[in-house]
Amino acid sequence: MGRYDENIREVASRTMVLFYLFDKSGSMEGTKIGQVNYAMKDIPKIIKEVADGAPNANIVVAAAMFATDVNWITPKPLTPEEFIAQWHDVQAEGLTCLGAALRSLNEKMSRKAFLGENPMGYLAPGVIILSDGVPTDNWEKSLEELKKNNWFKSATKVAFAVGDDADKNVLAKICGSGESVVSIDDPEKIRQYIKFVTAAVSKTGTTSSTGKSAQEIVNDALKSIDDDTPIVVDIPDIDDSQW
Amino acid sequence: MRNWAVDTISIQGYAHKSAGKECQDHSVSWQNKYYDAAIVCDGHGGDKYFRSDAGAYLACEAGKKIISAFMEHFWKDKGFRIKFFSSEKVRDEMFEQLIKAIIQEWNQSVAADFNAWPIEADPRFTALTDAEKTDLQRENSKAYGSTFIAAILCEGFYLILKLGDGNACILRDQTVEFAEKRSETLRDTQLQFNLTTSLCSSMADREFRYAWVKYPLNSVKGIILTTDGVINSYTSETGYLRFIHNIFSSYIGSDIKSAHEELENFLHTLSEKGSGDDLSVAVICRRK
């Protein structure tokens, strides 16, 4: 038995929290919410594959659905395995209270809430937002407060604007740039986009820097999306046959 | 008769091995009859800092040269020593001069390296974006960015100099503690969200932290310095401190060669299972 055997047991990695903030307002009914429900079941597998390739990182998931209210599906950030056990399909109904969702995200991105129990600290988080409509509440004030949050400032952010009614300008303001907003015209593609962005954000956020910021790398990846060809999720063993 | 041991190890991280990148950590230790000293430096990752391995090496060399000159002056010049111990204000001025001299020496070494091998001729420069190229042409030293931690231990006092992330731990009696525990001046609130202060910063002299600590004879048994990849490998500070304690035990209780080999072997495993980063450990300890 070696002198340092006991010192390897406590080794682990820093944690990246991947926040999902998805619209489940009434207008999401049908294919859109169905694709979201479908995609979220794939997320644990993608994250696990990314984490296996990054020895220095754990990835955990925090997910909320917003409509008239904000509902956190995860009571705390969960491992991929815990997340799949916790997930339940959601129904579309209600308004698009994006402001309330941003306010709630601000509360959760705090050492007193979702970013407080890891003594080794965290990697910069990922934030993935999806909406198909115009906010129905005061989102400006919430965003103003959220932008003061250091976790949010350091986060890699991507937003999905689903359909013609989605307000891309609002989503661009949240992400800091229109380059981080992905327009999805075909609801049938929502699942595939969510998988692609989950892989890109989590992989970029947990591997060594290449000189560009994680946000720049993800934005470059988003530019490479060609709507006429299937998205290739560069993670082994992902079943893309549903495209 | 002083019976202290000094040693350093720097290993290429698991992630760097996998990516075919060089080790960007460097470390150095030395001793004489008056004092023991060690330095660890961590060159920044990222394509823009493509000469940070050289930057870390030059930082170790600059630190050793300037600290050696300072300590020689300290021991040979009684007037200097009297002045040194006369007041905290005078000491602070001396340490600030010491820090400025290290930064200046590093910048001169970097400039010499740059002049011998201009970055524009480096293929890693041509691979950068236009904005990054412009930035580096304005401030060449950024390509060499590195952190810096040094420890100088004498009978009765020690000095820690620190710029950027990484850790200094003290073995006091039988307990290992972070140097910051008794030296608030070493704390740096800028070190979060993967950010670090650096020798290549134009404000490096103001960003340096230092602590000079007097201790009752025999109460301090050693100092260990580590680059940030070591603590980032652990789930808790307690786990990290247990590892540091084990290193002290090994160096105090074994022969130096065996202790060195055992630690070096373990650091490769630690990087693979932990942070994936390059790792450096510098040890100064009182031998039995």
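A quick word on the score used below: pLDDT is the predictor's confidence in each residue, on a scale from 0 to 100. You will want it at hand, as this is a predicted model.

**Confidence**
- Chain A has a mean pLDDT of 83, with 84% of its residues at 70 or more.
- Within chain A, the pLDDT is below 50 over residues 231–243, a stretch that has 24 contacts in the model beyond near neighbours in sequence.
- Where pLDDT is low, the predicted coordinates should not be read in detail.
- For chain B the mean pLDDT is 90, and 97% of the residues reach 70 or more.
- The model as a whole scores ipTM 0.81 and pTM 0.65.

**Chain A at a glance**
- Nine helices and six strands are found in chain A.
- Of the 243 residues in chain A, 50% are buried.
- Taking contacts in chain A between residues at least 6 apart in sequence, 77% join residues at least 24 apart.

**Nonpolar cores**
- The largest nonpolar core counts 77 residues, and Ile39(B), Ala151(B), Ile224(B) and Val281(B) have the most contacts inside it.
- Helix 2 of chain B, residues 52–76, gives the most to this core, with nine residues.
- Leaving aside residues up to four places away in sequence, Ile39(B) touches several residues, including Val28(B), Cys60(B), Phe148(B), Ile149(B) and Ala282(B).
- Another core, of 74 residues, lies apart from that one; among its members are Ala39(A), Leu98(A), Ile174(A) and Tyr193(A).
- In soluble globular proteins, nonpolar side chains tend to be buried together.

Terms used:
Residues are numbered from 1 along each chain as its sequence is written. Chains are lettered from A and ligands numbered from 1 in the order in which they are written. This is a predicted model: local features need pLDDT of at least 70, side-chain atom pairs count only at pLDDT 80 or more; totals for chains, interfaces and linings use all residues. Helices (H or I, at least four residues) and strands (E, at least two) are DSSP runs, numbered from the N terminus. A residue is buried if 20 or more other C-beta atoms lie within 10 Å of its own, exposed if 12 or fewer, and partly exposed in between; C-beta atoms are placed from the backbone. Two residues are in contact if their C-beta atoms, placed from the backbone, lie within 7 Å. A nonpolar core is a set of buried Ala, Val, Leu, Ile, Met, Phe, Trp, Tyr and Cys residues joined through C-beta atoms within 7 Å.
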